[in-house]
Amino acid sequence: MDIKLKRFISTDLGTFGILTVGDKRFFTVEKPWVNNTPEISCIPSGEYTLEPHQSHKYGDVLCMVSDTVTHYKEAHSKRFACLIHVANYEKDVLGCIGLGEKYLGHMVTSSKKSIKEFYGLCGPQKEHTLIIEWGERDNV
């Protein structure tokens, strides 16, 4: 399944976007863009494979994987363990993506409910493609 994330703003309060899975959309929260610095910055735009990942903190989740982003720290990794999990605020993520029901300018709401719905739609045990891009803020 193809999943798309269209980011629309990045400030000191975080990077926010809209993630679509079929007809369903979720608002996202990530770290601000800080030159791809691990644990301080959101990951670069591009195409990622979402692969099943077992997190000791979040359980069964999906991990973004590419040539430079891996599940676990490896010699060639620039980033690792970039997951999709519960998060309402930028402070709740370290290079991961949090999902919510509404965008309030500094946070997303109802993250636990949104994560449950997201994984109900696409399943944390299946591979997917995630495309991250920048776009205009519309219908927010």
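Student: What do strand 4 and strand 5 form, and how many residues lie between them?

Tutor: Strand 4 and strand 5 form a hairpin, with three residues between the two strands. Keep in mind that this is a predicted model.

Student: Which other strand is joined to strand 4, and by how many bridges?

Tutor: Strand 10 (residues 128-134) is joined to strand 4 (residues 46-55) by five bridges, and these two run antiparallel. Here Glu-47 stands opposite Ile-131 in strand 10.

Student: What makes strand 5 and strand 8 a pair?

Tutor: Strand 5 and strand 8 (residues 83-86) have two bridges, in the antiparallel sense. The rule asks for at least two, so this counts as a pair. Cys-63 has Leu-83 in strand 8 as its bridge partner.

Student: In which sense do strand 8 and strand 9 pair, parallel or antiparallel?

Tutor: Strand 8 and strand 9 (residues 97-100) pair in the parallel sense, over three bridges. Val-86 stands opposite Leu-99 in strand 9.

Student: How many helices and strands does the chain have?

Tutor: The chain has one helix and 10 strands. Read from the N terminus, the elements run β-β-β-β-β-β-β-β-β-α-β.

Student: Let's turn to the rings. How many aromatic pairs are there?

Tutor: The count comes to five aromatic pairs.

Student: Why is the pair of Phe-26 and Phe-118 called edge-to-face?

Tutor: The ring centres of Phe-26 and Phe-118 are 6.0 Å apart and the planes meet at 85°.

Student: What does the pair of Phe-26 and Phe-118 tie together?

Tutor: Phe-26 belongs to strand 3 (residues 24-30) and Phe-118 to helix 1 (residues 111-122), so the pair ties together parts 92 residues apart in sequence. Lys-24 lies over the face of Phe-26, 5.4 Å from the ring centre.

Student: What kind of aromatic pair do Phe-118 and Tyr-119 form?

Tutor: Phe-118 and Tyr-119 are edge-to-face too, at 4.9 Å centre to centre and with 70° between the planes.

Student: Why does Phe-118 count as buried?

Tutor: Buried means under 20% relative accessible area. Phe-118 has 0%, so it counts as buried. Tyr-119 has 11%, which is why Tyr-119 is buried. Phe-26 is buried as well.

Student: Which residues do ring pairs link into a cluster?

Tutor: That cluster holds Phe-8, Phe-16, Phe-27 and Tyr-103.

Student: How do you know that the radius of gyration agrees with a compact globule?

Tutor: A compact globule of 140 residues would have a radius of gyration near 14 Å; the chain has 13 Å, so the two agree. The C-alpha atoms fill a box of roughly 40 × 30 × 25 Å along the principal axes.

How values were computed: Residues are numbered from 1 along each chain as its sequence is written. This is a predicted model: local features need pLDDT of at least 70, side-chain atom pairs count only at pLDDT 80 or more; totals for chains, interfaces and linings use all residues. Side-chain values use heavy atoms; hydrogens and water are left out. Helices (H or I, at least four residues) and strands (E, at least two) are DSSP runs, numbered from the N terminus. Rings of Phe, Tyr and Trp (its six-membered ring) pair if their centres lie within 6.5 Å; planes under 30 degrees apart count as stacked, over 60 as edge-to-face and the rest as tilted. Buried means under 20% relative accessible area, exposed over 50%, partly exposed in between (1.4 Å probe, protein chains only). A charge sits over a ring if NZ of Lys or CZ of Arg is within 6 Å of the ring centre and within 35 degrees of the ring normal. The radius of gyration is taken over C-alpha atoms; the globule rule is 2.2 Å times the number of residues to the power 0.38.
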